[in-house]
Amino acid sequence: MTVVLDSAQPEVFRAARETLLASPFIDPAVRRAELADLTDAWLRRLFLDSGADPASCALVAIGGYGRRELAPGSDIDVLLLHTPGSAVGVPADRIWYPIWDSGVRLDHSVRTPAQARRLANSDVKVMLGLLDGRTIAGDESLLAGLRASSLSDWRARAAVRLPELRQMVANRRESFGELAYLQEPELKESLGGLRDLTIMRAIAASWVTDVPRAALEAPHLLLLDVRDALHTSTGRSSDRLLRQEQPGVARLLGIEDPDGDGDGVLRAVAAAGRTIDWAADIVWHRVDRVGRPARVPGLRKLRGPKVPARAPLADGAVVADGEVVLARDARPSRDPALLLRMAAASARAGLRIAPATLTRLAETTGSAPVPWSDEMRNSFVALIGAGRGTVPVWEALDQQDLITRLVPEWAATRSAPQHNPVHVHTVDRHMLETAVRASSHAREVARPDLLLVAAILHDIGKPAGAAKHSEVGAVMVAEIAPRMGFSQQDTEVLVALVAHHLLLSETATRRDIEDPATVAAVAAAVQRIDVLELLRALTMADAQATGPAAWSPWKAGLVDTLVTRVRAALDGEPAPDLPGPSELEQAAATTGDVVVMHRTVGGLEELTIGAPASRGDIADAAGVLALHRLQVIDARAHTVAGRSVSTWRVTPSFGEPPDPQRLAVDLRRVVAGTLDVKDRLRRRETSFEYAADAPAPRVAVVADASDRATVVEVRAADSPGLLHRLLRRMESAGARVQAAKVSTLGSDVVDVFYLLNDDGLPLSAAAVEDLRGRLVEAAELPG
């Protein structure tokens, strides 16, 4: 497209650019081309008007501008190339200053071809930019010569330069995470983003290996379109797709988003990122294999430096050039077990299946027979039990829609976003990571096959959108397991594992595990010791795969204590004795003044507070802890000889361990009436901004959770003084806190309290109803 501007004045370009960007957002690709054409026309005119000699100079677009991929917020990245001795100082200023005056960001440089070549040889980012160079105006031979020499250098020094690229990838993973698994991905720099497409082009240009270009076209276009829509809807140049921007981006692109929460665009971006990351993994795997023989199990005794051209790996599968391919006599259409047999062997050997082989499998493999054969089921278990080697093989099969031929229900989980902030992966990748984690626990259980299958399917019901995804998943697994060839008895175990996969972790962190009713409820749910042991291993794997915030030594200790007590109940044995008061609790009970003692237990800071018993002492303690920016996880309180003794497990908000002396000083000030905790917390809370559409708090009595206390659960938006307000209302209503469990889930909390009246008995129905209203009012966000 030829664009003509009436003038080289910056305001003329700015007006034309604003008109183009304000036009209806119909086809982002067309708009990108038009924006590049408009920018080319203006820069070409600036070049001609600058006095630069077109026979000895050239204005070159590089990077994204060179690829004609300008987004509304993109900068203009240009290089003024010139022959040695050319007068370019004045012409350069005449080009750069109008661009700055236009308000468009400019990344510019002025170099001779020799200077640019030397810099490309020392800075891999410069080389990446030159790969996409495009002459806008001037002598095209300058860029042609520079590209030829730079590419020759790049290929000659690939063994040195490619590791530099690899380090860039590792640094980006550390800084920006993986595009496919983030709630707010960085479209360019996150792993699997636009930057990886540039890097793969550089690898292809090195001639070390080729790139699966056809598979990358659609995800590349999708990410460019999303970035354009993001810049358009926000008016900013940031490439981070924030949650609040996702619904607007979905609307602009016409992406289906029935709930209006942006999940549609996030799912599309995740799928694109997974495809790009999968392709990059293949490319880097091939780079790593260049010059190195494949290590194939069973071939260690072969002599000579090279592995045979085709080494057998499994029936129907061989290793060739470091990748797994079909044997010459393999017939996938006649051998239903071949797909899983090859995948399992590849995962165990740490090898990749060749892309051409994957394509052939996709073309010749039909739906799995029902039920599966024993060989298919065993190979499936071997695949998902291969540890970290499972991931690239499973991802490769999933890219070719081969997983859905085995388990059609998997399609709904693919790239499905999570809504719990503790999760770091999409639903499907989380289940895969859970299986990887479960493989390390396989020798701890009698039936590792059931553990692994439960791990890969435990969240299969989550995309259905039901509040109880475990119940939905259990119904689905009741249909899936028989298709896989599991017996009715094994199917029942798998159904129980999926239905109760949250039971141990939620009970351990939200219920009083010292209460006999808690133990009885879990025992009634699991019924069998073998199911309990499987559930324990699944709980650990699930939590470890969720993210760093989901598992800790403290939580592991709670789960283990609960499992020990439930096992005793199932065996019909007395419950193990619980540990008596700690030394700190004994000391706090006998010291006359306010005292705070500290120790570290299970990775958490534990504070034991002793003070004269009084109405409101627990609320005051919670308030002081909040003032010191300590987040409460667990609390227990009792009264001994007129003294209140409470134990709090906390995590510091800013990494500093709690100072027991400072806490004791502030608690004494509260007792003396010289520190108004309520006022201090109120002032802190008013400095916070809270979501305007936060749902109303919910207060519920958990029936049958305890025979000796009233259990109340509060779900509300978090705020610094929330726990203090709740405890004050409880104590003012005559309710005494025996134990408390506090869970923070992003901006929300789930707080569970075990309450007694002044006689040490559960609250009456009237008292509970009165308390419910008080707690709802206390849980409202500060106005």
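**Local features of the predicted model**

Just after helix α25, G572 takes a positive phi of about 75°. The structure is a predicted model, in which local features need pLDDT of at least 70 and side-chain atom pairs count only at pLDDT 80 or more, while totals for chains, interfaces and linings use all residues. Residues are numbered from 1 along each chain as its sequence is written, and side-chain values use heavy atoms, without hydrogens and water.

Helix α25 covers residues 553–570; helices (H or I, at least four residues) and strands (E, at least two) are DSSP runs numbered from the N terminus. The 18 residues of α25 reach 25 Å from the first C-alpha to the last, close to the expected 26 Å, where the expected span is 1.5 Å times one less than the number of residues. Buried residues (under 20% relative accessible area, 1.4 Å probe, protein chains only) of α25 include W554, K555 and R565.

D257 is placed in the loop between α11 (246–253) and α12 (263–289). The side chain of D257 reaches the backbone nitrogen of G264 at 3.4 Å. Leaving aside neighbours within four places in sequence, D257 is in contact (heavy atoms within 4.5 Å) with P247, A250, G262, D263 and G264.

Four strands form an open sheet of mixed pairing, in the order β5-β6-β7-β8. β5 (311–314) and β8 (352–353) stand at the edges with a single partner strand each, so one side of each has no neighbour in the sheet. Strands pair if DSSP finds at least two bridges between them; β5 and β6 (residues 317–320) pair in the antiparallel sense over three bridges. The bridge partner of A311 in β6 is V319.

Notes. A polar contact is a pair of N or O atoms within 3.5 Å; within protein, one must be able to donate a hydrogen and the other to accept it, and residues adjacent in sequence count only if both atoms are side-chain atoms. Buried means under 20% relative accessible area, exposed over 50%, partly exposed in between (1.4 Å probe, protein chains only).
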